[in-house]
Amino acid sequence: MDSSVVVALLIVAAAATLVVAIVLVVRLLRMRSLVRSSRMPLPGKFAFWAAVIYGISPVDVLPDPIYLDDIGILLGAITYLGHLARRHGIIGGKSTAGPVEQPAVKRVERLP
């Protein structure tokens, strides 16, 4: 393979990971309303702000042309916040934060 092809492929891969990281930052920022909820526990709020700061911070575990660490942190925070929001009844889904009351069902018997 020619070295210019390799360089071009690396540039395309870096651009693609940058686009994915930007999309995930935007998606995480759209979850602010979940984080502002009084029902969101403190660890969820911390995870949100830690992921936002890490995503925009120039200090990274891996150098900036490689955004895989940012993508991992952002995906983890989005998944964790979604889990907490469902668990505490902030968004739809089954709430597991406490006992769920089942509606009373009236049985109707058929006559022969």
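These questions and answers cover a predicted model of one chain.

User: How many helices and strands are in the chain?
Analyst: The pattern along the sequence reads α-α-α-α. The count in the chain is 4 helices and 0 strands.

User: What share of the 112 residues of the chain counts as buried?
Analyst: The chain exposes about 8,500 Å². Carbon and sulfur atoms supply 67% of that area. Of the 112 residues, the buried share is 25%.

User: Among contacts between residues at least 6 apart in sequence, what percentage joins residues at least 24 apart?
Analyst: A contact here needs heavy atoms within 4.5 Å. Among the contacts in the chain at least 6 apart in sequence, the part joining residues at least 24 apart is 57%.

User: How far does helix H3 reach from its first C-alpha to its last?
Analyst: H3 covers residues 42-56, which is 15 residues. At 1.5 Å a residue, 21 Å is expected. The span in the model is close to that, at 22 Å.

User: Which helices are included in what covers the buried residues of H3?
Analyst: The buried residues of H3 are Gly44, Ala47, Phe48, Ala51, Val52 and Tyr54. Their cover includes H1, helix H2 (32-36) and helix H4 (68-87).

User: Is Ala47 buried or exposed?
Analyst: Ala47 lies in helix H3. Its relative accessible area is 17%. Buried means under 20%, so the cut-off settles the class. Ala47 is buried.

User: Which residues does Ala47 contact, leaving aside neighbours within four places in sequence?
Analyst: Ala47 and Leu81 are 34 residues apart in sequence, with 7.7 Å between their C-alphas. Beyond its neighbours within four places, Ala47 is in contact with Ala77 and Tyr80.

User: What kind of aromatic pair do Phe48 and Trp49 form?
Analyst: The count comes to 1 aromatic pair. Phe48 and Trp49 form it, at 4.9 Å centre to centre with 85° between the planes. Planes over 60 degrees apart count as edge-to-face. The pair of Phe48 and Trp49 is therefore edge-to-face.

User: What is the relative accessible area of Trp49?
Analyst: Phe48 counts as buried, at 1% relative accessibility. Trp49 is partly exposed. That class lies between the 20% and 50% cut-offs. The value for Trp49 is 49%.

User: Which residues form a nonpolar patch on the surface?
Analyst: Leu10, one of them, has its place in helix H1 (residues 3-29). Leu10 is exposed, with a relative accessible area of 57%. Together the patch residues have about 520 Å² of accessible area. They are Met1, Val5, Val6, Leu9 and Leu10.

Definitions and conventions:
Residues numbered from 1 in each chain as written. Predicted model: local features only at pLDDT ≥ 70, side-chain atom pairs only at ≥ 80, totals over all residues. Heavy atoms only, no water. Patch = residues over 30% accessible without salt bridge, like charges linked within 9 Å, V, L, I, M, F, W, Y side chains within 5 Å. Areas by Shrake-Rupley, 256 points an atom, 1.4 Å probe, with all protein chains shown as cover. Salt bridge = Lys/Arg side-chain N within 4 Å of Asp/Glu carboxyl O. Helix = DSSP H or I, 4+ residues; strand = E, 2+ residues; numbered from the N terminus. Buried < 20%, exposed > 50% of the residue type's maximum accessible area, 1.4 Å probe, protein only. Expected span 1.5 Å × (residues − 1). Phe/Tyr/Trp six-rings, centres within 6.5 Å; stacked < 30°, edge-to-face > 60°.
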